[in-house]
Amino acid sequence: MAYYCNEPSRTFREYMLIPNLTARDCIAENVELRTPVVRFRKGEASSLNLNIPLSSAVMQSVSNDRLAIALARSGGISFIYQSQPIEEQAEMVRRVKKHKAGFVVSDSNLTPKHTLADVLALKEKTGHSSIAITADGSPSGRLLGIVTSRDYRPSRTPVDAKVEEFMTPFSQMVCGGETTTLEEANDLLWGHKLNCLPIVDEAQRLLYLVFRKDYDAHKDNPQELVDAKKRLVVGAGINTRDYRERVPALVEAGVDMLCVDSSDGFTEWQGDTIRFVKEEYGDSVKVGGGNVVDREGFLFLAESGADFVKIGIGGGSICITSEEKGIGRGQATAVIEVDRARDEYYDKMGVYIPLCSDGGLVYDYHIALALAMGADFVMMGRYFARFDESPSQRLKLGSSYVKEYWGEGSNRARNWQRYDLGGKGGVLPFEEGVDAYVPYAGGLAENVRTTLSKIKAVMCNCGARSLQEYHGKARLTLVSELSFREAGAHDVILRGGENT
């Protein structure tokens with residue numbers, strides 16, 4: 001006879017927090033969000049911590065090197081997606097580790113033979129008005145010129161005009177060399193009244209761009225997450241198929257943490273992958289496992305050597321695993337059960353294994369709920385896909401801007417390594433993810449600041465100044481559908497004319 005779990009499977013939407021006494025010094029500026037992300041023994045400290053409890057999902061439409069840089073500068077970590085060739089993923093890791101604050105790898109590039117129509121199309125696609133003109137149109141090609149909005153008049157310049165006819169040529173440009181510091185670059189920007197300063201090597205190859213508008217943003221980043229060598233911290237996803245080749249390449253590139261990317265982490269393949277990393281590299285390489293939704297799954301990964309465990313099956317906004325296969329669990333129930341198992345493991349073994357809640361996070365307060373239920377940090381896809389720094393295209397849909405967002409289980413991703421069940425491999429004959437859009441939300445840093453301010457406010461209401469204190473003090477209650485409705489605006493006519 002099958003085993004039956006009689007308790008209903010619940011989501012974050014079914015819970016609210018009950019306030020505790022807020023002390024006078026329990027204010028947002030005193031709240032500490034630093035959190036451990038890899039296992040450690042009782043009485044010791046974690047060797048790797050996040051300054052904010054946020055990580056970005058291992059997804060093609062979310063985590064590339066550009067977003068990884070932006071998130072690390074805000075204090076979190078990205079796991080660069082693994083559904084790409086090994087060397088390309090390793091190169092993304094290298095770019096993050098080599099990044100110098102304020103120095104941006106150009107992602108808007110054309111050749112002199114392109115036309116104004118191409119310039120306008122690229123500007124519409126990326127939102128960038130400064131376009132580097134290189135010999136081969138690549139971010140690292142020989143720099144021949146630059147195009148900004150001051151170089152053409154859309155109403156006067158023919159759309160078929162060649163870029164070489166109106167660009168600012170290299171001979172007239174002010175550039176920095178590869179030894180230029182950020183302070184020197186900013187002096188050049190201000191001294192020559194420039195908006196953009198290219199950085200080139202001795203062969204005139206483009207290395208970076210430094211923007212005047214970023215001066216204040218790069219002036220002070222107190223939350224920036226860096227390693228012992230002051231390089232940005234970055235993670236990467238791996239799968240259970242080519243890990244013997246992929247892991248060494250990522251380690252050589254300088255990756256700080258790995259995450260086995262799988263829709264179901266309670267498998268012998270995942271155990272083999274984690275043990276391989278530990279046998280080959282010992283404690284020098286950190287690797288997390290997942291996803292699981294219950295006590296048994298957690299214990300399996302913990303005993304396999306996982307440095308953190310990721311929770312969640314079926315709760316993602318683009319995930320249809322539960323709909324297609326009837327597999328999964330409400331995210332709140334999953335986090336609560338796995339947290340209990342983690343605490344039991346800690347009491348018995350003296351080893352603390354951080355938990356990551358992945359999926360089911362729709363509103364900012366859901367993050368606060370996940371942390372209250374025992375998660376040490378959260379992983380999000382939809383949240384980060386909305387930002388300028390994500391790799392997907394920004395499009396205009398009706399009167400609004402959106403960004404493309406697709407699941408790793410969709411046909412577009414073709415990520416069979418994440419979803420297959422062994423055997424000869426290949427793409428499954430059905431999808432476990434959808435291809436969709438999310439509302440465009442602007443830059444990462446400002447949005448993250450808003451989210452963190454909400455989390456800190458919630459923690460203050462609960463009388464907690466740290467995440468560790470929050471785990472112990474938080475009190476939660478189930479809510480009915482009617483009480484949930486009452487929690488929002490209701491029984492009024494909003495100024496926009498909509499009835500509630």
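Biologist: What makes the charged end of Lys42 count as sitting over the ring of Tyr346?

Modeller: The charged end of Lys42 lies 4.9 Å from the centre of the Tyr346 ring. A charge sits over a ring if NZ of Lys or CZ of Arg is within 6 Å of the ring centre and within 35 degrees of the ring normal. Arg394 likewise has its charged end over a ring, that of Tyr440, 5.0 Å from the centre. This is a predicted model, in which local features need pLDDT of at least 70 and side-chain atom pairs count only at pLDDT 80 or more. Side-chain values use heavy atoms, without hydrogens and water.

Biologist: Why is the pair of Phe298 and Tyr345 called edge-to-face?

Modeller: Rings of Phe, Tyr and Trp (its six-membered ring) pair if their centres lie within 6.5 Å; planes under 30 degrees apart are stacked, over 60 edge-to-face and the rest tilted. By this rule there are 13 aromatic pairs. The centres of Phe298 and Tyr345 are 6.0 Å apart and the planes stand at 90°, so the pair is edge-to-face.

Biologist: Why is helix 7 called oblique to helix 8?

Modeller: Helix 7 (residues 243-253) and helix 8 (residues 268-281) pack at about 45°, with axes 11 Å apart. Angles under 35 degrees count as roughly parallel, over 145 as roughly antiparallel, 65 to 115 as roughly perpendicular and the rest as oblique. Helix 7 is therefore oblique to helix 8.

Conventions. Residues are numbered from 1 along each chain as its sequence is written. Axes are lines fitted to C-alpha atoms, for helices over the stretch in contact, and angles run from 0 to 180 degrees between N-to-C directions. Helices (H or I, at least four residues) and strands (E, at least two) are DSSP runs, numbered from the N terminus.
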